[in-house]
Amino acid sequence: SQDQTSENPASQELLRLLQQKASVKPNTKSTNSYINNKMNSLVRKLIASKSTFDPTQCLNGPLYATVHFIGDTPLWEKIAVAGVRNVKGQRYTLVDDTSGKFVNYAEIWGKNFCLKAVGEFCDKGSISSSIDADADSSNYPYNFLAPLVAKLRRKEKLKPTPYDYEATVTGASVILFQKYSFDVAIAGTGTVRVLYADPNLRIFLSPTDTNVTMGGGDWESAGLIVVQVRFDLVYCDWNDRLLGH
């Protein structure tokens, strides 16, 4: 598949390095520290750009595979079997302008053993909008308009970064050998903060610990930054249908 070339040189270079990292065979030496440091530098540069993104082009779509992360090693990485290619990532599907459904997917032993969680997400708004609304409510003489202004901002097609979505997990399953599925009782909420997004890659932050109220354990810790790439740009032989509908 063809990448939708970003005009941002830092994004182009980061995509190239992510593709290089994803191409390394699981049983060979891991990506060297120079490449990781270079990717971290590019991630910081893209975050600092505070660019806008179109959710219909950068959020909605197929699985975006998590190829790189910065922060404490998440549970889905710790429990993965070494020496096997384990695809993991997220697929978001917009239902309307401000909400939709998601699938979290993590392979533990390749396609033979994987975890899948499903749920719903909704628009919380930009961080700057929240700050502005708070300021308006205390200083602006027509403070009753502040909620309306915030709502109108959420309707805008291009979203500023950082931008928050609230995600609610409603169910999960364990899938064995691509055939046998076992439901797992799990529920929880968390915030997904978009720090950068274009049609090829996106950078998310977990600003708080994932609040799992039933099952699941400590899936991700506060401060984790993940870098995701559209799956067909890094794993051309992987099939999106493994996620189901």
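Which residues is Ile 203 in contact with, leaving aside its neighbours within four places in sequence? I started my notebook there, keeping in mind that this is a predicted model.

**Entry 1**

I looked up the contacts and got a list. Ile 203 is in contact with Val 43, Leu 46 and Ile 47, then with Arg 193, Val 194, Leu 195 and Tyr 196, and finally with Ile 225, Val 226 and Val 227, once neighbours within four places are set aside.

**Entry 2: the cores**

Next I asked where Ile 203 belongs. It is among the residues with the most contacts inside the largest nonpolar core, together with Leu 14, Leu 18, Val 67, Tyr 235 and Trp 238. That core has 33 residues. I checked who supplies them: α1 (9–23), α2 (33–49), β1 (64–70), β3, β7 (187–197), β8 (201–206) and β10 (224–230) each give at least two. The largest share, six residues, comes from α1. I also found another core lying apart from this one, with 22 residues, and I noted Ala 106, Ala 117, Ala 172 and Ala 197 among them.

**Entry 3: aromatic rings**

I went through the rings and the count came to nine aromatic pairs. I wrote up a couple of them.

Tyr 92 and Phe 102 make a tilted pair, 6.1 Å centre to centre with 40° between the planes. Tyr 92 sits in strand β2 (residues 88–94) and Phe 102 in strand β3 (residues 99–107), so I logged a link between distant parts of the chain, 10 residues apart. Both Tyr 92 and Phe 102 are buried.

Then I turned to Phe 121 and Tyr 165. Their ring centres are 5.7 Å apart and their planes stand at 80°, so this pair is edge-to-face; the cut-off for that label is over 60 degrees. Here, too, distant parts of the chain are linked: Phe 121 is in strand β4 (residues 113–126), Tyr 165 is in strand β5 (residues 163–176), and 44 residues separate them. Phe 121 and Tyr 165 are both buried.

I then traced how rings join up. Ring pairs link Phe 53, Tyr 92, Phe 102, Phe 121, Tyr 163, Tyr 165 and Phe 204 into a cluster.

**Entry 4: Gln 90**

Is Gln 90 buried or exposed? I found 14% relative accessibility, so Gln 90 counts as buried; the cut-off is under 20%. Gln 90 lies in strand β2. Its side chain has a polar contact of 3.3 Å with the side chain of Tyr 92, and another of 2.9 Å with that of Gln 228. Not counting residues up to four places away in sequence, Gln 90 touches Pro 62, Leu 63, Tyr 64, Val 103, Asn 104, Arg 202, Phe 204 and Gln 228.

**Entry 5: His 68**

Last, I looked up His 68, which lies in strand β1. At 3% relative accessibility, His 68 counts as buried. Which side chains make polar contacts with the side chain of His 68? I noted Lys 21 at 2.9 Å and Asn 40 at 2.7 Å. Beyond residues up to four places away in sequence, His 68 touches Leu 18, Lys 21, Asn 36, Met 39, Asn 40, Ile 225, Val 226 and Val 227.

Technical notes:
Residues numbered from 1 in each chain as written. Predicted model: local features only at pLDDT ≥ 70, side-chain atom pairs only at ≥ 80, totals over all residues. Heavy atoms only, no water. Phe/Tyr/Trp six-rings, centres within 6.5 Å; stacked < 30°, edge-to-face > 60°. Helix = DSSP H or I, 4+ residues; strand = E, 2+ residues; numbered from the N terminus. Buried < 20%, exposed > 50% of the residue type's maximum accessible area, 1.4 Å probe, protein only. Core = buried A, V, L, I, M, F, W, Y, C linked by side-chain atoms within 4.5 Å. Contact = heavy atoms within 4.5 Å. Polar contact = N/O pair within 3.5 Å; in protein donor to acceptor, adjacent residues only side chain to side chain.
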